[in-house]
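Here is a short walk through one protein chain. Keep the sequence and the 3D view side by side as you read.

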Amino acid sequence: MVGGNEMAARCVVQSMFGFGRQATMVTPDEALPGRTTPMTGVAKRHQVLDAPLNGPFPTGTELLYIGMGCFWGAERIFWKVPGVVSTAVGYTGGYTPNPTYQETCGGRTGHTEAVQIAYDPARVSAQELLKAFWENHDPTTANRQGNDVGTQYRSAIYWTTPQQQQAAKATRDAFQSELDSHGHGAISTELRPFATAGPFYLAEDYHQQYLHKNPGGYCNHGPNGLTCQIGLLRQDETPAQTSVEPPAQGPCSFSLDTAGVRPLPVRHSRLSCSCRSSASAQTATLWAMAAQSWPEDITPSSRCAARLGCGAYSRCGIDWRRARRLSSIR
């Protein structure tokens, strides 16, 4: 009997060196028959978040399904996102009912390795989750992530709400623009409703929170160097830690520049605020996390605390108390 980790290692090696690779999608007639019995022996609770692995979840929780290559590293990205209630790895998007990992590795189930993300939309938006999705894998390589090759490694987003659908298409277009500006290819990510891609079949227990159980385990995910523009700050627009001066002392004058800025159809809007004093001059970019657009009470006579990188704060004249929260510069 082959153990879980050994079986996983075999599948990884096979995919990396070309054995069992399925470069084209199987048809329903070609897919393995599977079984009627769901996966057994899977823990009921999340090893990291101490939440139900597969429900029931708190009222208001929404589910989003993504595929971005090997699900071990992908799951870790999302369980670290504030507002995510739980994550689970499994198989979806294909034809074989209740598949095993070994069957999925062979590419004859039609499934992609997927992460089920249960999240609180009051704490984190679909746009923010998809920003992490786009920025941590290569969506231009069809059926491949690095040396992991096969239809089971395809990039995919399966939505469960109209808001997620809108976010998926908007962030895809935004990230394609970023790819174009850097001379990269076209996005090949599969986008469709979960209603047509599901159901979601839980993977074996040893895959759940794999990189928590095996901290040195295989992972091919990480920042791809590009930024998905959803209203958040571009990485090259943030100040370097060494360039940030100490907070200004004493009274400071205030200027607000909103020229050319329009409310965005997402929860993020931005403005530039310059605080000046006789001792120093600072410019920070602040983000209003409002429901749809700018808070109406932003006026030069208001007050706020603007974060200027590496923990320094300077007093500026904007009141964010009616905004949902203030996102600090990354």
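Contact means heavy atoms within 4.5 Å. This is a predicted model: local features need pLDDT of at least 70, side-chain atom pairs count only at pLDDT 80 or more, and totals for chains, interfaces and linings use all residues. Residues are numbered from 1 along each chain as its sequence is written, and side-chain values use heavy atoms, leaving out hydrogens and water.

Leaving aside residues up to four places away in sequence, Leu191 touches Ile157, Trp159, Ala168, Lys169 and Arg172. Take Ala168: 23 residues separate Leu191 from Ala168 in sequence, yet their C-alpha atoms are 7.5 Å apart in space. Leu191 sits in strand E7. Helices (H or I, at least four residues) and strands (E, at least two) are DSSP runs, numbered from the N terminus. Is Leu191 buried or exposed? Buried means under 20% relative accessible area, exposed over 50%, and partly exposed in between (1.4 Å probe, protein chains only). Leu191 has 19% relative accessibility, so Leu191 counts as buried.

Now find the sheet. Two strands pair if DSSP finds at least two bridges between them. Here 6 strands form an open sheet, in the order E7-E6-E1-E3-E2-E8, with mixed pairing. Which strands are at the edges? They are E7 (190–193) and E8 (201–202), and each pairs on one side only. Look at the E8 edge. Strand E2 (residues 84–92) pairs with E8 over 2 bridges, in the antiparallel sense. Tyr91 has Tyr201 in E8 as its bridge partner.

H4 packs on it, touching E1, E2, E3 and strand E6 (155–159), and the direction of H4 makes about 10° with that of E1. Such angles run from 0 to 180 degrees between N-to-C directions; the axes are lines fitted to C-alpha atoms, for helices over the stretch in contact. Helix H2 (residues 71–79) lies across E1 (62–68), E2 and E3 (112–119), at about 160° to E2. How many residues of H4 (residues 126–135) are buried? The count is 10 of 10. Among them are Gln127, Glu128 and Lys131.

Next come the rings. Rings of Phe, Tyr and Trp (its six-membered ring) pair if their centres lie within 6.5 Å; planes under 30 degrees apart count as stacked, over 60 as edge-to-face and the rest as tilted. The structure holds 8 aromatic pairs. In one, the ring centres of Tyr65 and Phe194 are 4.0 Å apart and the planes are at 10°, so the pair is stacked. This pair links distant parts of the chain: Tyr65 is in strand E1 and Phe194 in helix H6 (residues 194–197), 129 residues apart. Both Tyr65 and Phe194 are buried. Phe133 and Trp134 form an edge-to-face pair, 4.9 Å centre to centre with 75° between the planes. Ring pairs also join Tyr65, Phe194 and Phe200 into a cluster.

Finish with the backbone. Most residues other than glycine have a negative phi, and most peptide bonds are trans. The bond from Gly55 to Pro56 is cis, with omega near 0°. The bond from Gly198 to Pro199 is cis too, with omega near 5°. Pro199 is in the loop between H6 and E8. Asp50 has a positive phi, near 50°. Asp50 lies in the loop between H1 and E1, and it is exposed at 54% relative accessible area. Asn98 also has a positive phi near 50°, but Asn98 is buried, at 13%.
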